Amino acid sequence: EQEKNHGASEDQQQEIGCDQQDQQRDGDQHDAQQQAEEQQQHGSQLAMIEHRLQVNDHRLAKFFFRLQRLAHYLLDLQDRICNALSAIDGSPFREDAWDRPGGGGGRSRVLEEGAVFEKAGINFSKVYGKGLPPSATAQRPELAGRDFEAMGVSLVIHPRNPYVPTSHANVRFFIARKPDADPVWWFGGGFDLTPYYGFEED
């Protein structure tokens, strides 16, 4: 009887192993199919961008496509941060979508008088314009006369608990362009915690 039980146990382990292999194979096939669909979708979007911009330069279209993907990533980042904070606090964010007269816009989200957070603001912006102001080109003269585009996510979080620091953070992307010249671009940002009470061990 022990031998039968041992044999049954081995059969069960083999069956479990086969099921895991099948699941792994199904997962790999799903990932491959999803990747192929994404590549096809990206190709269609690139073609659409080329048509809209009336350019035959695939490299330029690919560049604009990457800017679109970056904007989508930052919007998703704002969503994920807001959802995580709402889940902690139990309160929703209020959204205010806005437009910038000179070009672009954004969406500001605020949570006020929550159970955990006295106030939290998570903002997304994507703005662009013609020519940078002198203050922006004083230290970077190569940017003079260029069109610009900037996008990013910023946040300020004030918790109710005085032993929890206030949080400030932002991540941003900036690019300056002009005809017949390579674009100048960079990422920037930072994160800091401002404690109400200082502890030497921290």
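How many bridges join β5 to β6, and in which direction do the two strands run? The two strands run antiparallel and are joined by 11 bridges, where strands count as paired if DSSP finds at least two bridges between them. This is a predicted model, in which local features need pLDDT of at least 70 and side-chain atom pairs count only at pLDDT 80 or more, while totals for chains, interfaces and linings use all residues. Residues are numbered from 1 along each chain as its sequence is written, and side-chain values use heavy atoms, with hydrogens and water left out.

**Overall architecture**

- The protein chain comprises 3 helices and 6 strands, with helices (H or I, at least four residues) and strands (E, at least two) taken as DSSP runs and numbered from the N terminus.
- Read from the N terminus, the order of elements is α-α-β-β-β-α-β-β-β.
- Of the 202 residues of the protein chain, 26% count as buried; here buried means under 20% relative accessible area, exposed over 50%, and partly exposed in between, using a 1.4 Å probe and protein chains only.

- β5 and β6 form a hairpin with 6 residues between them, and D180 in the turn has a positive phi of about 60°.
- Across this pairing, A169 stands opposite F191 in β6.
- A positive phi, near 55°, is also found at E113, a residue other than glycine, which lies in the loop between β2 (104-112) and β3 and counts as exposed at 60% relative accessibility.

**Nonpolar core**

- In soluble globular proteins, nonpolar side chains tend to be buried together.
- The largest nonpolar core has 21 residues, and those with the most contacts inside it are L74, L85, F93 and I122; such a core is a set of buried Ala, Val, Leu, Ile, Met, Phe, Trp, Tyr and Cys residues joined through side-chain atoms within 4.5 Å.
- Two or more residues of this core come from each of α2 (58-89), β3 (117-129), β4 and β5, and α2 gives the most, with 8 residues.

**Aromatic pairs**

- There are 7 aromatic pairs, counted where rings of Phe, Tyr and Trp (its six-membered ring) have centres within 6.5 Å, with planes under 30 degrees apart taken as stacked, over 60 as edge-to-face and the rest as tilted.
- F148 and F174 form a stacked pair, 6.4 Å centre to centre with 10° between the planes; because F148 lies in strand β4 (residues 147-159) and F174 in strand β5 (residues 166-177), the pair ties together parts that are 26 residues apart in sequence.
- Both F148 and F174 are buried, and together with W186 they form one aromatic cluster.
- Y163 and F199 form a tilted pair, 6.2 Å centre to centre with 35° between the planes, linking the loop between β4 and β5, where Y163 lies, to the segment after β6 (184-194), which holds F199, 36 residues apart.

**Nonpolar surface patch**

- Y163, Y196, Y197 and F199 form a nonpolar patch on the surface, with about 480 Å² of accessible area together.
- Patches are made of residues with over 30% relative accessible area and no salt bridge, like charges being joined within 9 Å and nonpolar side chains (Val, Leu, Ile, Met, Phe, Trp, Tyr) within 5 Å; accessible areas come from the Shrake-Rupley method with a 1.4 Å probe, and for residues only the protein chains shown count as cover.

**Salt bridges**

- The structure holds 11 salt bridges, each being a side-chain nitrogen of Lys or Arg within 4 Å of a carboxyl oxygen of Asp or Glu.
- R94 and E112 meet in one of them (3.2 Å, N to O), and since R94 lies in strand β1 (residues 94-99) and E112 in strand β2, the pair ties together parts that are 18 residues apart in sequence.
- D147 and K130 form another (3.4 Å, N to O); D147 is partly exposed, with a relative accessible area of 27%, whereas K130 is exposed, at 72%.
- In the salt bridge between E149 and R177, the closest N and O atoms are 3.7 Å apart; E149 counts as buried at 8% relative accessibility, while R177 is partly exposed at 23%.
- D79, E95, R107 and R109 are linked in a network of salt bridges.
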